[in-house]
Amino acid sequence: MNSKKRKIRVLIAKPGLDGHDRGAKVVVRALRDAGMEVIYTGIRQTPEAIAGAAVQEGVDFVGLSCLSGAHNHLFTKVVKLLRAKGARGVTVFAGGIIPASDIPGLKKAGVKAIFPPGTPTRDIAQWLRAAAKHL
Amino acid sequence: MNSLIVRRILRGDVGAAARLMRDLDDELPSARSALKELYARAGRAHVVGITGSPGAGKSTLADKLVEAARKGGKSVGVVAVDPTSPFSGGAVLGDRIRMQRHTADPGVFIRSLAARGSLGGLSRSVFDTVTVLDAMGKDLIILETAGVGQDGVKVAGAAHTVLVVLSPGQGDDIQALKAGILEIGDIYVVNKCDRKDSEQLTRSLGLALEGTSPRDGWTPPIIKTAAVLGRGTRELVDVINEHRSTLVRAGAWERRSLNMARTAFMELLETGLRGFINEECERGKDCRKIFGDLAARKTDPYSAAKTTLRKLLSKSPPPPSFKKRGCPPFSKACPPVPRRRGRRGI
């Protein structure tokens, strides 16, 4: 309904003990330049805080970035918490150092897309826009 | 259906409230009828506005105020505005970073808003968002503006108590003499007071405010804080509460609430009229002709505006900008709008 008027809202977060947020900030900026409203929650977030923020902010997407290797645990937890909070309309995507072998498992757990290092930011914005069509 | 949403929101359903805020921000007509029901339930919260230049420490102060209010057993809503890019229409909303530790607390609801072209540090939907939080029963609502310059005074009409936050290193004492933001504060906060040059700022601010006549029985004090270190924030909270009781005692609380209602109403009226004028001007050939006449100096802006305004106001409402979206924001649930003939004034 009224899809042209709706502004895409995205929450970008870094779960867990990982202070490397250059990549996340690059994505934040790229999505801003793509005309989206991007909420950045900063580094070292618990999955609970991320899911809680996503609900309060009424976002369409949650983008998770993790370079520490704990992605399997953390990303899955965020997806689960979002579901538990009734935020079923929220689509989760991710980026960071994610081994290719982990990707199928993460997708099965509900992470809809994973953008590895080297992904042009334009691709991420395009994917979000396509995924937001139904809004 | 709306009353179901309303019931869920009144029960404290954060998800439902967040979705409604989103719909209001996106100007969905369906959201407006829900807001109408909530509006009747709102009007109890103490709205505290925080304004100041970018990087002055507004979000960090807000974080400390939330902490103090929670310790005092109050529930809190925070509305934090950040600027929208005039080029892409996008925004980075980063105020939340400083307050993220409160997210897990069910007594705190933090919402980031993009200004979406509104000037003066607020967004058009700020009033609606505050209404939703107010109806949810939040005792305290902190309204943090986007970083403003010297004339970002709009928050004065959106809050009971206005905090103007300054930090050292932003110019000499002449800056403190200027009009605008340094006239709207109920409380002036000199943040980053751990810095050496903060003493000078406090002094010149004190001189600039000297002789200000009290408003509603209140003379705006200057409070020194170092929000990051938690210094001075307790005193600030006490002063905020004191301001509230002073307003109530002086009978000025209602006056402020009335002023807030007025600001929100006028804002809507202006937005509606502006949309109407824009559309009329875009569609009509009249305006293009006027632009040409002006450029050719055949007429002057005042005469042209006067004639055009008279012509526009004689047209029958509803303004097309409302019609397209469903119904005017101040109508009942979309009743058929009677056609009116003849010239009408406002």
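Biologist: Which residues of helix 2 of chain B meet which residues of helix 3 of chain B, and what makes two residues count as being in contact?

Modeller: In this predicted model, where local features need pLDDT of at least 70 and side-chain atom pairs count only at pLDDT 80 or more, while totals for chains, interfaces and linings use all residues, Leu20(B), Asp23(B) and Leu24(B) of helix 2 meet Ser30(B), Ala31(B), Ala34(B) and Leu35(B) of helix 3. Residues are numbered from 1 along each chain as its sequence is written, with chains lettered from A and ligands numbered from 1 in the order in which they are written. Two residues are in contact if their C-beta atoms, placed from the backbone, lie within 7 Å.

Biologist: Why are helix 2 of chain B and helix 3 of chain B called oblique?

Modeller: Helix 2 (residues 14-25) and helix 3 (residues 29-41) of chain B pack at about 125°, their axes 8 Å apart. That angle makes helix 2 of chain B oblique to helix 3 of chain B, since under 35 degrees is roughly parallel, over 145 roughly antiparallel, 65 to 115 roughly perpendicular, and the rest oblique. The contact between these two helices of chain B holds five nonpolar, one polar and one charged residues, where Ala, Val, Leu, Ile, Met, Phe, Trp, Tyr, Cys and Pro are nonpolar, Asp, Glu, Lys and Arg charged, and the others, Gly among them, polar.

Biologist: What do helix 2 of chain A and helix 3 of chain A show by the same rule?

Modeller: Helix 2 (residues 47-57) and helix 3 (residues 71-84) of chain A pack at about 40°, with their axes 9 Å apart, and are therefore oblique to each other. Helix 2 of chain A brings Pro47(A), Glu48(A), Ile50(A), Ala51(A) and Ala54(A) to this contact, and helix 3 of chain A brings Leu74(A), Lys77(A), Val78(A), Leu81(A) and Leu82(A); the classes are eight nonpolar, no polar and two charged.

Biologist: What makes chain A count as compact?

Modeller: Chain A has five helices and five strands, which run β-α-β-α-β-α-β-α-β-α from the N terminus on. The radius of gyration of chain A is 14 Å, close to the 14 Å of the globule rule for 135 residues, so chain A is as compact as a globular protein of that length; the rule is 2.2 Å times the number of residues to the power 0.38. Along the principal axes, the C-alpha atoms of chain A fill a box of roughly 40 × 35 × 25 Å.

Biologist: How many residues of chain A are in contact with chain B, and which element of chain A gives the most to that side?

Modeller: The contact joins 29 residues of chain A to 27 residues of chain B. Helix 1 (22-33), strand 2 (37-40) and helix 2 of chain A each supply at least two residues of the side touching chain B, and helix 2 of chain A gives the most, with seven residues. By class, this side of chain A divides into eleven nonpolar, nine polar and nine charged residues.

Key. Axes fitted to C-alpha atoms, helices over the stretch in contact; angles between N-to-C directions. Helix = DSSP H or I, 4+ residues; strand = E, 2+ residues; numbered from the N terminus.
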